[in-house]
Amino acid sequence: MRLPRTARWAALISLLFLILTGLAAWQAPEIAAWRWYLQEGKPTLTSAKLMLLPPLRWLDDYYVVADLGKNTFAIGEPRYGQCNFSYLIIGSTRALLFDTGPGVRNIAPIVRQLTSLPVEALPSHLHFDHTGNLARFADVALPDLPALRGQVHDGRFAFGLYQYLGFVEGFKRPQFHVSEWIAPGSKIDLGDRNLTIESLPGHTPDSVVLLDEAANRLFAGDFIYPSEIYAFLPGADLKTYAASARRLTKLVDAQTLIYGAHGCDRLPTVDVPTLSQADVVALTRALDLADTGAWAAGTGWYPRRIPVNERMELLAKYPWMRP
Ligand SMILES: [Zn+2]
């Protein structure tokens, strides 16, 4: 038996549609990144009038800083669309800069205004908006993870395209020299002050957080911050993220101050992005929902938007998607 010509065409078109839909679902994280590129293509900067909440103050026309006490400073970039916050943690012999911003402006002179001690830069993860100024520091540390070690060629670290993601805002992958590999779980000695570095994969496979036990503070990078939490980009993994969130809940207590790497969720008011253990618990719940029942729990097609609490929303991929 032969199908009529129109039926054959209909079957062919349906098959093509199925193949394309399957391909789009398989490549969704990459497609999301390219859609971002088509929308942005360049860093968005705002000239809107901003209101800083104390202790935040302007250091120049771009950078803001907050003295958090205990020799710790938050350095913010509220004019930049993603409103990054980096943290300068100072000991008696040296200082650590956790994240460096997108590199729209050089952060090194700002750091020099705040300390004269030697400074080592350590990114919370390798997205472009945290690593843009790494090349401006002589001392750069990375978490000692086998995958990252394997990315060093001729003494220089080579970013993966989707690991860096800078193309979405027109940033070129910088090259830098890794001066120190810090084992997750180990202590970073800054002189009379220790920080513990913990590997908490989820947002990316190489994400780390810093625990300042003496001050009961945690520097969370992109693991958690007020506003939209990204768990849909290439490298993100819901199951791993949820497991890490459970671990993070136990690393802190109800009094711990958790500092995130993005702020500006209450524009035009700008404050230091600060969260608590309860926010981590709420995020864990949303991650579990995303991992088990994303269709019912969220709204939107891709990424799936899942409410966390009044300050956060989870932007998730689907549980069956590869990291
Ligand atoms: Zn990130």
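Take Ser227 to start with: its bridge partner in β22 is Met312. Keep in mind that this is a predicted model. The pairing of β17 with β22, residues 312-316, is parallel and runs over five bridges. Together with β21 these strands make an open sheet of three, in the order β17-β22-β21, with mixed pairing. On the edges sit β17, residues 227-231, and β21, residues 304-309, each pairing on one side only. Direction ignored, neighbouring strands in this sheet are turned by 25° against each other on average.

Which residues have the most contacts inside the largest nonpolar core? They are Ala231, Leu283 and Leu314, in a core of 83 residues. Helix α8, residues 277-297, gives the most to this core, with seven residues. If we leave aside neighbours within four places in sequence, Leu283 is in contact with Ile224, Ile229, Ala245, Val308 and Met312.

The peptide bond from Tyr302 to Pro303 is cis, with omega near -5°. Pro303 lies in the loop between α8 and β21. Pro55 has its place in the loop between β1, residues 51-52, and β2. As background, most peptide bonds are trans.

That brings me to β2 and its sheet. This is an open sheet of eight strands, ordered β2-β3-β4-β5-β6-β7-β8-β12, again with mixed pairing. Its edge strands are β2, residues 56-58, and β12, residues 180-182, and each of them pairs on one side only.

β5, residues 85-90, pairs with β6, residues 95-98, in the antiparallel sense over four bridges, and Ile89 stands opposite Leu96 in β6. On the next step, four bridges join β6 to β7, residues 119-122, and these two run parallel. Leu96 stands opposite Glu120 in β7. How does the chain get from β6 to β7, and what is the hand of that crossover? It passes through helix α3, residues 108-114, and the β-α-β crossover is right-handed. From β7 the next neighbour is β8, residues 139-143, joined by two bridges and running parallel. Glu120 has Asp139 as its bridge partner in β8.

Now β16, residues 217-221. Is this strand enclosed or open? Five of its five residues are buried, so β16 is largely enclosed by the rest of the structure. Arg217, Phe219 and Gly221 point one way, Leu218 and Ala220 point the other way, and all are buried.

As for partners, β15, residues 208-212, pairs with β16 in the antiparallel sense over three bridges. There, Leu211 stands opposite Leu218. The hairpin of β15 and β16 has four residues between the strands, and Asn216 in it takes a positive phi near 50°. β16 is also joined to β18, residues 257-260, by four bridges, and this pair runs parallel. In that pair Leu218 stands opposite Ile258.

In general, most residues other than glycine have a negative phi. Asn71 has a phi near 55° and is found in the loop between β3, residues 64-67, and β4, residues 72-76. Cys264 has a phi near 65°, in the loop between β18 and β19, residues 269-270. Which of these is buried, and which is partly exposed? Asn71 has 18 C-beta neighbours inside 10 Å, so it counts as partly exposed. Cys264 is buried, with 25 other C-beta atoms within 10 Å, and the cut-off for buried is 20 or more.

Last, helix α1, residues 5-26. At 1.5 Å a residue its 22 residues should span 32 Å, and the end C-alpha atoms are 32 Å apart, which agrees. α1 is hardly covered: the count of buried residues in it is zero.

That is what I have; questions are welcome.

Note on methods
Residues numbered from 1 in each chain as written. Predicted model: local features only at pLDDT ≥ 70, side-chain atom pairs only at ≥ 80, totals over all residues. Pairing = 2+ DSSP bridges. Axes fitted to C-alpha atoms, helices over the stretch in contact; angles between N-to-C directions. Expected span 1.5 Å × (residues − 1). Buried ≥ 20, exposed ≤ 12 C-beta atoms within 10 Å, placed from the backbone. Core = buried A, V, L, I, M, F, W, Y, C linked by C-beta atoms within 7 Å. Contact = placed C-beta atoms within 7 Å. Right-handed = clockwise from strand over helix to strand, strands pointing away.
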